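Work through the exercises below with the model open beside you. Try each task before you read its solution.

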Amino acid sequence: MSSKHQGSSKPINGVQESVKLKKGSLRFVYFAALITIGFGIAFATTSLLNRVEKASQKSLSGMIWIPEGEFQMGTLEDTPNKNEQPPHLVKIKGFWIDEHEVTNEQFQKFVEATGYITTAEKAPDWDELKKQLPPGTPKPAAEKLVAGSLVFLPPTHPVPTDDVSLWWSWTPGACWKHPEGPGSNLDNRLNHPVVQVSWDDATAFAAWAGKRLPTEAEWEYASRGNLQGKRFSWGDQLPSDSARLTNIWQGTFPHLNTKLDGWERTSPVKSFPPNGHGLHDMAGNVWEWCSDWYRADQYQQMANKPKVASPEGPANSWDPNEPHTPKRVTRGGSYLCHASYCESYRNAARRGTAPDTGMSHLGFRCAQSK
Ligand SMILES: [Ca+2]
Ligand SMILES: [Ca+2]
């Protein structure tokens, strides 16, 4: 189901303005700081530089500047998800990132300006699709090879949680304008995150906006919100029925959602408190595409390599569970996540998703370099 971008690239007014740093001033500050304070407190100097740099950046509408720094990517926790281990030190250059997920309204402007047609709005190409499937997979019936996408349809009773087909339904007609299928629409949801967008769609939007997708390392660094070694973007507090810290699942997944946080599916962006960087919904609401290819063993490989500033991920994809399917990284979990099932709203949680896949809990936000 791979697709090519349709529509033209075009900058959003004002967004693509270059950010002019006062480099001369910065050099003076840096030099003076070194003389006055001395090399022994380099960390403080870096912090000062970050603050000066931030103050001299021109504000980008709806985006937040994440200063350069280092962090432990991944987790030491004994989680069942070995793709998060081992943790390894990563250096990140400063970058901009959207303060919230891209909304339906923002995506609508992109489509209106370009005539872009999303992956979910086009019938799958069997010749492309079969490349992602085990050899010998039979061609589906013609009525199955129609435009559509994956929609979460909760079962009415408890089911085993090791079979996702019990709650994900291939739905003809489902797309960003009809997130749950032809009978649904965006009424009262223009300020909700767009969903049913493929990696190709997200990348096309970002290019049009003069932005890009964040790398996986940038995404996790931003999610951690100036905190080190914490489980969640807000710290270590466990979400619960009474502590509603972001839009996730309450009740028993996947058949009983008590909606104690107020939302059965997506919520308006900025409905929950931001993290330490001022970013909303890094955890929960919708999963977010990153630019990197997904490898389940990427962290094992990184642990043996020299530290690289702002790594851009592996050169190819590998998921032992679906070895024929190339995948891109998705991050942050969604309104479907619950501690009893995947708890993917943790900072370190990571997953791979085929880039031509749209789902009713998957969106994105954009980044921009200095
Ligand atoms: Ca919820
Ligand atoms: Ca999110």
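A residue is buried if 20 or more other C-beta atoms lie within 10 Å of its own, exposed if 12 or fewer, and partly exposed in between, with C-beta atoms placed from the backbone. Helices (H or I, at least four residues) and strands (E, at least two) are DSSP runs, numbered from the N terminus. This is a predicted model, in which local features need pLDDT of at least 70, side-chain atom pairs count only at pLDDT 80 or more, and totals for chains, interfaces and linings use all residues. Residues are numbered from 1 along each chain as its sequence is written, while chains are lettered from A and ligands numbered from 1 in the order in which they are written.

**Exercise 1. The overall count**

Task: state how many helices and strands the protein has, and what share of its residues counts as buried.

Solution. 
- Step 1. Count the elements: there are seven helices and 13 strands.
- Step 2. Turn to burial. The protein has 370 residues, and 40% of them count as buried.

**Exercise 2. Helix H6**

Solution. 
- Step 1. Locate H6 at residues 216–223.
- Step 2. Name some of them: Trp219, Tyr221 and Ala222 are among the buried residues.
- Step 3. Set up one sheet. Two strands pair if DSSP finds at least two bridges between them. Three strands form an open sheet in the order E1-E4-E13, with antiparallel pairing.
- Step 4. Look at its edges. Strands E1 (63–66) and E13 (367–369) each have a single partner strand, so one side of each is left without a neighbour in the sheet.
- Step 5. Follow one pair. E1 and E4 (residues 95–98) are joined in the antiparallel sense over four bridges. Within this pair, Met63 stands opposite Asp98.
- Step 6. Place the helix. Two residues are in contact if their C-beta atoms, placed from the backbone, lie within 7 Å.
- Step 7. Read the angle. Axes are lines fitted to C-alpha atoms, for helices over the stretch in contact, and angles run from 0 to 180 degrees between N-to-C directions.
- Step 8. Look just past the helix: Gly225 takes a positive phi of about 55°.

**Exercise 3. The four-stranded sheet**

Task: give the strand order of the sheet that contains E9, and say which strands stand at its edges.

Solution. 
- Step 1. Write the order: E11-E10-E9-E12, an open sheet with mixed pairing.
- Step 2. Find the edges. E11 (350–353) and E12 (362–363) each have a single partner strand, so one side of each lacks a neighbour in the sheet.
- Step 3. Inspect a pair. E9 (residues 287–293) and E12 run parallel and are joined by two bridges. Glu288 has Gly363 as its bridge partner in E12.
- Step 4. Bring back H6. This helix lies across E9, E10 (328–331) and E11, at about 140° to E9.

**Exercise 4. One side of H3**

Task: why do the buried residues of H3 lie on the same side?

Solution. 
- Step 1. List them: Asn104, Gln106, Phe107 and Phe110 are the buried residues of H3 (residues 104–114).
- Step 2. Identify a cover: helix H5 (199–208) is included in what covers them.
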